[in-house]
Amino acid sequence: MDIDTTFHVTWTTLSFVAVALALSVLRLYQLAIPKPIPGIPYNKTSKKLLGDVPAIVEHMAKTEGGTFVTYILKSMESLDSPLIQIFIRPFGKPHLVLGDYPEAYDILMRRREFDRSPTLGDLVKGLTPDLHIHLKTNDTWKAQRRLIQDLMTPSFLHNVAGPVLYQNLGLLIDLWRMKSHIANGRPWKAADDINQMALNGLTGFSFGEDFKHSAIKPALLAVQGMDEEALAIIRRKGPDEFVEFPKGQESTALRAIRELTETVGEVQGNPVPALTWAYVTRKPRIRKAIRIKEDCIEKELMNGVQRWEETSGRVIKSAVDQMIVREKRLAEKEGRTPNFFSRVMIDECGLKIFGFILAGHETTSTALNWTLKYLADYPSIQSELREALRRAFPTLGYSGRSPSINEITSTSIPYLDAVIEEILRCAGAIPVVDRVATADTELLGHHIPKGTVVTCLVTGPSLLSAAFDVEISRRSPTSQSDVKEGRHRSWDPAGISRFNPDRWIIRGNGNGDEIEFNPTAGPQLAFGLGTRGCYGKRLVYLEMRIFLTLILWNFELLPCPPAVSTYHAKLIASNEPTHTYVRLREISREKTIN
Ligand code: HEM
């Protein structure tokens, strides 16, 4: 071969390689750019490599309180459709967003071709790869749920969980009494206390009242120990200036658990969750936190087993105790010897316990933060609820003591139920509920390919803003029957976005005093729905019931300065208010309550 030929061959080869490379890049680009599902509206600017991601980032940067969810709500409004598609993962399928309660109800309650979507798993998989929360609804999921099925029964909640939550909330009341006395009408940040209290509520529920790590006790000691100089600084502050209190020393175990639950925020909305988890869980700080958390849970499980052996299972003080009893029953049923100290048992229980904390800590804390905001901003509702409590516990009116846990759990107070339901409706602590189509199907008249994720909005149209007008023929057959047979629930669009507990109340026709709580008055998606709806919701209702009763029995919540009274939220693991402050006036039981 002469030089010319060699040059020609090399040149030809290079040309081929270049063309192949260009074609591959083009193919990759074609694969990566969004492929919309025909007929479902989307933002035209999102049909690029990164889909909606740049617009989401811009929205969040430019909008006060802007989150992924406010972006979706805005898109749905501008596209004027109850079903839209967004593109958040290159190479991924479009992601559908549904803002229509009847179809969401249908998907969550009845349509078997929709199941738990991988998006929830993305949020927690790095910490709990096998947790039932993100499994499909299969035998493994059922087996995992069996071990914890007794924990939400009325008897467990009232006899075991209630007293622990009550004790924990009592500590918060003591702390806030001290703080309100020192602040003397000035506002202070309440979010950290609520967050710690919610964490203690779940560790108390899981391990019992003897669990030695408290987040509130160190705060109490720190405030008790404030010296004269620190108190004098507060006394010199103006009436609207914020007071800062010392926080106290957090225990290593609680810090580890808190740090781990916070990692979920790093994955929220992330386009490459698996990679992010691989990075996050390799950080030395997180590896150490995982070790501390596992040692702590294992020790508590061993204590539970020892307690079981000492009392032959007669004393149940925590979720761990109850799970040990359940394992014994399952072993009897399956004709095997229970092995409480087995690695499997310890891993299983430990996983469940950490699962409760992951699923319940931020969410409960967020719902309680919103509770404080609504109570302070709606003084007439606050007074009406306090009056309802006073009527429910007439003998305690001037006694100086708060209602006991038994009194709280055994007394029907319809207005309290209505306030709780309305807080949950408006707060949208978990603002979206996802499902994935496990087969090709239809939604609102559109063909939906298998594998498509459908996000149902919890605070969107028909829940917190006027519903879209949907032609009945576009609905699924079951949803059409609901409409035809009058089972379709809807809110009056006038005032739908207003915080108004009365929407859950039926007033009697008689003398006007008789009221009834109607839990099915209208659409509610705060806990999702159906088989995969929130496992912990009964615990949440119980905790909110105790919280509202004790807070309103002991304090009046006054409005806070406008700068911290906004309704802006930050979407970390849940939809938390950006600012939660309180300004409290202690209620003296010797005086008339209004
Ligand atoms: C205000 C507090 C809470 C809110 C707003 C909330 C909301 C939710 C929502 C929206 C879901 C998804 C439901 C669905 O896909 O249909 C869910 C699932 C779940 N929640 Fe909660 N939750 C709260 C507190 C808790 C607590 C305290 C626990 C545990 C004790 C808990 C345990 C779970 C579990 C285990 C699941 C997954 C259920 C499954 O897939 O089988 N949640 N929660």
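Predicted model: local features only at pLDDT ≥ 70, side-chain atom pairs only at ≥ 80, totals over all residues.
**View 1. The shell around the ligand, with α15 as its main contributor.** Here we zoom in on the 25 residues around the ligand, of which G360, T363, G528, C534 and G536 come nearest. Helices α15 (343-377) and α20 (537-554) each put in at least two residues of this shell. The largest share, seven residues, belongs to α15.

**View 2. Helices α16 and α18 packed together.** Helix α16 (residues 379-392) meets helix α18 (residues 414-427) at an angle of about 145°, and their axes are 8 Å apart. The crossing of α16 and α18 is left-handed. On the α16 side, I381, E384, L385 and A388 make the contact, while α18 brings Y415, L416 and V419. Sorted by type, the residues of this contact come out as six nonpolar, no polar and one charged.

**View 3. An open sheet of five strands with mixed pairing.** Read across, the strand order is β1-β2-β8-β5-β3. The edges belong to β1 (83-86) and β3 (114-116); each has a single partner strand, so one side of each goes without a neighbour in the sheet. On average, neighbouring strands are turned by 35° against each other, direction ignored. Opposite F114 you'll find A437 in β5.

**View 4. Two helices, α3 and α4, against the sheet.** Helix α3 (residues 68-79) lies across β1, β2 (95-98) and β5, and runs at about 125° to β1. Helix α4 (residues 101-109) also packs on the sheet, where it touches β2, β3, β5 and β8 (453-457). The direction of α4 makes about 125° with that of β8.

**View 5. Positive phi at N184 and L444.** Some background for this pair: most residues other than glycine have a negative phi. N184, in the loop between α7 (154-183) and β4 (188-189), has a phi near 50°. N184 counts as exposed because it has 12 C-beta neighbours inside 10 Å, and the cut-off for exposed is 12 or fewer. L444 sits in the loop between β6 (441-443) and β7 (446-448), with a phi near 45°. L444 is buried, since 21 other C-beta atoms lie within 10 Å and 20 or more is enough to count as buried.

Conventions: Residues numbered from 1 in each chain as written. Axes fitted to C-alpha atoms, helices over the stretch in contact; angles between N-to-C directions. Helix = DSSP H or I, 4+ residues; strand = E, 2+ residues; numbered from the N terminus. Left-handed = near helix turned anticlockwise from the far one by under 90°. Contact = placed C-beta atoms within 7 Å. Nonpolar A, V, L, I, M, F, W, Y, C, P; charged D, E, K, R; others polar. Pairing = 2+ DSSP bridges. Near = placed C-beta within 6 Å.
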